[in-house]
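This report describes how the chains of one model are arranged and paired, and then turns to parts of a single chain. Please consult the sequence and structure shown here while reading.

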Protein chains: 4
Amino acid sequence: MTSADSLTALRDALRTFADDRDWHRHHRPKNLAMALIVEAAELVEHFQWRSHEEVDVLDEAVRSEVADEIADVLLYLIRLADVLGIDPVTAAQRKMVKNAVKYPPLR
Amino acid sequence: MTSADSLTALRDALRTFADDRDWHRHHRPKNLAMALIVEAAELVEHFQWRSHEEVDVLDEAVRSEVADEIADVLLYLIRLADVLGIDPVTAAQRKMVKNAVKYPPLR
Amino acid sequence: MTSADSLTALRDALRTFADDRDWHRHHRPKNLAMALIVEAAELVEHFQWRSHEEVDVLDEAVRSEVADEIADVLLYLIRLADVLGIDPVTAAQRKMVKNAVKYPPLR
Amino acid sequence: MTSADSLTALRDALRTFADDRDWHRHHRPKNLAMALIVEAAELVEHFQWRSHEEVDVLDEAVRSEVADEIADVLLYLIRLADVLGIDPVTAAQRKMVKNAVKYPPLR
């Protein structure tokens, strides 16, 4: 990742955000993993009673709420990875190579 | 995001991956949100019986497994956002502005 | 389970509750499993920023909220099992036998 | 709950199980809530790529796996409630009264 990368910028903004609120003692990986799954559940909640067809035509207010939950999951994921010293993009690139072996293409 | 951005590259790779395996009919937002929280739980599983102190000294084998779970969450999040037509980085930047208002800095 | 059993009574009350609200078409196992994990996350949320020691001295207001979340998980679990035609107590008894083999006692 | 109640019997069996394995130090509410959501996710995993129609005709092998995951969620829920000193059935009965007010019947 170059310094201009969007995830790196978010990582740095999250560091400053935690610094400015004295949140480092709370931001242990165990706690951040819990916060992450809580946000993932808030994302799931938008879909639990909706059919696939209803999801295809979400109104703008709900889409905006869904975007906020996607944001929350991404922010906690970046923060957790940072606290653990793991680069999420490198991890994802490595995992895609594994997945390509595990699930060979049909053609 | 520029075309060189790491998340955009992952998004495009995931599109091709789904194309090559005929997975589009499975990749509905409802299903992808479920897959995402399942991966988030596999991340949580690494921390459930470990204390904060034990997490601080994870061995390399466990760290590699944790990195794989972080990767899986990121990949499903990118894919879900793509299928919904939501830009996760823009959403995260917008959410950070909201968070700064909701949680004012201590100093 | 006898007819006087508390879980059976809750199961029957949940059936009537769904009948009276025309919720059967929503109460598909896939949807109920999603609702269940969302409630489990609301339970997790109470613990994410609290240390073990802080959890040991929860005040009554928080304990009441935690009890409500435990209730929600139990209710969706009973409902999901009912819709699937699975007896959760028989399943739990069977699983405890498996667990006793998987994790032998220390003494 | 009377002493003959199935949940009380499972609660007592789980206490003995933890005693015999010296698991009490691990069975803090924070950890048990994490374990519970991990089991909930293993339940969700069975439904993520299946349609409602496919879920309606699960074969016996999958149904047995689903029953095991329902069991795991129930066992961790009973254990968590016990460690917290909360009676899950009383909590569920109280919650159903609240729900009946929140969601009035259609008829």
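## Symmetry of chains A and B

The same surface serves both copies, since 100% of the contact residues of chain A recur in chain B; contact here means heavy atoms within 4.5 Å.

The model is a predicted one, in which local features need pLDDT of at least 70 and side-chain atom pairs count only at pLDDT 80 or more, while totals for chains, interfaces and linings use all residues. Residues are numbered from 1 along each chain as its sequence is written, chains are lettered from A and ligands numbered from 1 in the order in which they are written, and side-chain values use heavy atoms, with hydrogens and water left out.

## The interface of chains A and B

Between these two chains, 64 residues of chain A are in contact with 64 residues of chain B. Chain A and chain B bury about 5,700 Å² between them, and 69% of this lies on carbon and sulfur atoms. Buried area is the accessible area (1.4 Å probe) that two parts lose on being put together, summed over both.

Eight salt bridges are counted between chain A and chain B, a salt bridge being a side-chain nitrogen of Lys or Arg within 4 Å of a carboxyl oxygen of Asp or Glu. One of them joins the side chains of Asp68(A) and Arg94(B), at 2.8 Å from N to O. There are also 24 residue pairs in polar contact between chain A and chain B, both residues being at pLDDT 80 or more. A polar contact is a pair of N or O atoms within 3.5 Å; within protein, one must be able to donate a hydrogen and the other to accept it, and residues adjacent in sequence count only if both atoms are side-chain atoms. On the side of chain A that touches chain B, at least two residues each come from α1 (6-21), α2 (29-45), α3 (52-56), α4 (60-84) and α5 (88-102) of chain A. Of these, α4(A) gives the most, with 15 residues. Helices (H or I, at least four residues) are DSSP runs, numbered from the N terminus.

## The interface of chains D and C

Chain D is superposed on chain C by a rotation of 180° with 0.0 Å of shift along its axis, at an RMSD of 0.0 Å. Here too the same surface serves both copies, and 100% of the contact residues of chain D recur in chain C.

In this pair, 64 residues of chain D are in contact with 64 residues of chain C. About 5,700 Å² is buried between chain D and chain C, with carbon and sulfur atoms giving 69%. Lys30(D), His52(D) and Met96(D) supply 11% of the area that chain D buries against chain C, more than any other three residues. Eight salt bridges are counted between chain D and chain C. Among them is the one between Arg28(D) and Asp56(C), whose closest N and O atoms are 2.8 Å apart. Residue pairs in polar contact between chain D and chain C number 25, both residues being at pLDDT 80 or more. The largest share of the side of chain D that touches chain C comes from α4(D), with 15 residues.

## Helix α1 of chain C

Helix α1 (residues 6-21) of chain C has 16 residues, which at 1.5 Å a residue should span 22 Å; its end C-alpha atoms are 23 Å apart, which agrees. The expected span is 1.5 Å times one less than the number of residues. At the start of α1(C), a side-chain oxygen of Asp5(C) comes to within 2.9 Å of the backbone nitrogen of Leu7(C). After the helix comes Asp22(C), with a positive phi near 60°.

The buried residues of α1(C) include Leu10(C), Leu14(C) and Phe17(C); buried means under 20% relative accessible area (1.4 Å probe, protein chains only). The buried residues of this helix pack against α4 and α5 of chain C, together with α1 and α5 of chain D.

Helix α4(C) has 25 residues and reaches 36 Å from its first C-alpha to its last, close to the 36 Å expected. Of its 25 residues, 18 are buried, so α4(C) is largely enclosed by the rest of the structure. Gly85(C), which follows α4(C), has a positive phi near 75°.

Asp82(C) lies in this helix and counts as buried, at 17% relative accessibility. Its side chain makes a polar contact with the side chain of Arg15(C), at 2.8 Å. Leaving aside neighbours within four places in sequence, Asp82(C) is in contact with Arg11(C) and Arg15(C).

Notes
Buried < 20%, exposed > 50% of the residue type's maximum accessible area, 1.4 Å probe, protein only. Least-squares fit on C-alpha atoms with pLDDT ≥ 70 in both.
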